[in-house]
Amino acid sequence: MRRTRHTLPAALAGLLLLTACGTEHQGAAGGGATPTAGCGARPEAPAPPAEDGVTLIGTGLTGGPAASTGPGTGTESVTGDGPRPCAAYSLTSREAEPFTYTVTLHFLSEAGEAMTSAEDTVPAVAPGATVRRTVTAGDLPPGSAGIAGAKVVKVRSVPTTEAPAEGGACPPSGVRVYADRGDAAMGLRVVGLHLENCGTATYRLDGHPRVELRDEDHDRVEGVTVLRGGEAVATGTGADGPARPLALKPGERAYAGLVWRNTAEDGAPVNAPYARVWAKPGAAPVTVTPELDLGTTGRLGVGPWKKEESG
């Protein structure tokens with residue numbers, strides 16, 4: 001397998017904790033909080049660049065009750081009942097076509113522990129474009145002392161033409177394809193691929209989705225065997241059994257499971273954040289982000305499409 005050190009597909013710079021957050025390109029809050037209005041930064045001494053290339057340059061809070069200042073840190077903290085911290089960042093695309101980015105941030109205690117998180121999706125960033133975003137911290141754990149900082153912990157990106165769609169406008173293909181967050185137990189991983197017929201005609205499936213693994217730099221991952229049927233890795237996951245023809249009417253759904261183990265023994269472990277998925281021969285590809293931590297197993301089981309019964 002080709003191994004390369006990941007370099008961010010976008011330049012993420014100027015992460016801020018703000019005195020008031022919102023204004024331009026407001027991002028979603030980690031806990032579903034309503035974005036606030038206004039945006040101002042309180043600069044601090046520049047911090048050294050983090051491993052992911054992000055530099056913290058300011059701190060602050062949303063409006064609300066008076067905030068306390070962490071001793072010796074020069075950063076403000078907030079309790080669960082006080083004003084919420086928020087963070088701002090700028091993103092510059094270095095891709096040759098529009099890409100959709102998902103940025104995950106952790107909000108930290110004065111001890112540097114992650115107290116809550118936020119995930120922000122930035123759609124269709126044009127080549128060379130710079131976008132400014134703000135996100136607000138989610139709910140804090142009960143009894144937490146407060147938040148004193150933030151950092152970007154993960155950035156994922158997919159070509160906008162291949163971005164998964166769980167909702168919104170129906171894609172030109174007439175189907176929405178996306179991955180769920182999966183389930184993990186004792187080293188066994190199962191992630192579901194979901195397909196919804198959002199078009200006006202019957203959509204037919206017969207077999208297994210085709211899956212191609214991609215690394216952090218979007219290069220194809222070699223040395224992993226993609227097997228038909230989840231039972232090739234483990235039984236009882238729901239990703240086993242024979243493939244049967246499906247005729248999905250508008251509004252109907254299907255699913256297929258990705259099954260793997262993250263066992264690591266001799267050799268270098270394989271991590272493939274992205275999977276490029278073709279629902280059937282001739283279908284347009286969709287790139288999902290199942291975060292495949294395959295260890296040294298070198299195997300991924302792909303289950304057949306099955307009709308998803310409406311509950």
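Let me start with what counts as a pocket here: on a 1 Å grid over the protein atoms alone, a pocket is an open set of points where a 1.4 Å probe fits, with protein on both sides within 12 Å along at least five of seven lines, and its lining residues have an atom within 4 Å of a point. We are looking at a predicted model, where local features need pLDDT of at least 70, side-chain atom pairs count only at pLDDT 80 or more, and totals for chains, interfaces and linings use all residues. Residues are numbered from 1 along each chain as its sequence is written, and side-chain values use heavy atoms, with hydrogens and water left out.

So, to the largest pocket. In general terms, rolling a probe the size of a water molecule over the atoms shows where empty space is left. Here the largest pocket holds about 870 Å³, where a volume is the space filled by probe spheres set on the grid points, joined across faces, edges and corners. Its lining has 32 residues, and those nearest the centre are T102, E119, P164, A179 and T289. Which elements give two or more residues to that lining? They are β7, β8, β10, β11, β12 (183-185), β13 and β21. A word on those labels: strands are DSSP runs of E, at least two residues, numbered from the N terminus. By class, the lining splits into 14 nonpolar, nine polar and nine charged residues.

β8, β7 and β10 form an open, three-stranded sheet in the order β8-β7-β10, with antiparallel pairing; two strands pair if DSSP finds at least two bridges between them. β8 (114-125) and β10 are the edge strands with a single partner each, so one side of each has no neighbour in the sheet. Ignoring direction, neighbouring strands here are turned by 15° against each other on average, taking axes as lines fitted to C-alpha atoms and angles from 0 to 180 degrees between N-to-C directions. Strand β7 (residues 99-108) is joined to β10 by 10 bridges, and the two run antiparallel. Within that pairing, T102 faces R156 of β10, and T102 is also one of the residues nearest the pocket centre.

While we are on β8, have a look at A124, which is found in that strand. Most residues other than glycine have a negative phi. A124 has a positive phi of about 50° although it is not a glycine. E291 sits in the loop between β21 and β22 (292-295) and is partly exposed at 27% relative accessibility.

That brings us to the sheet containing β21. Three strands form an open sheet in the order β15-β20-β21, paired antiparallel. β15 (210-214) and β21 (286-288) are its edges, each pairing on one side only. From one strand to the next, the twist averages 25°. Strand β20 (residues 274-278) and β21 run antiparallel and are joined by three bridges, with R276 opposite T287 of β21.

Two buried spots next. Strand β6 (residues 86-93) is largely enclosed by the rest of the structure, because six of its eight residues are buried. Seven bridges join β6 to strand β9 (residues 130-136), again antiparallel, and L91 stands opposite V131 in β9. L300, in strand β23 (residues 299-302), is buried with a relative accessible area of 0%. The C-alpha atoms of L300 and L213 are separated by 9.7 Å, although the two residues are 87 apart along the chain.

Last stop, the disulfide. Taking a disulfide as a pair of cysteine sulfur atoms within 2.5 Å, the count comes to one. The partners are C170 and C198, with S to S at 2.0 Å. Where do they sit in the chain? C170 is in the loop between β10 (149-159) and β11 (175-179), and C198 is in the loop between β13 (188-197) and β14 (203-205), 28 residues apart. The torsion about the S-S bond is about 75°, so the disulfide is right-handed. C170 is partly exposed at 33% relative accessibility, and C198 is partly exposed at 22%.

Key. Helix = DSSP H or I, 4+ residues; strand = E, 2+ residues; numbered from the N terminus. Buried < 20%, exposed > 50% of the residue type's maximum accessible area, 1.4 Å probe, protein only. Nonpolar A, V, L, I, M, F, W, Y, C, P; charged D, E, K, R; others polar.
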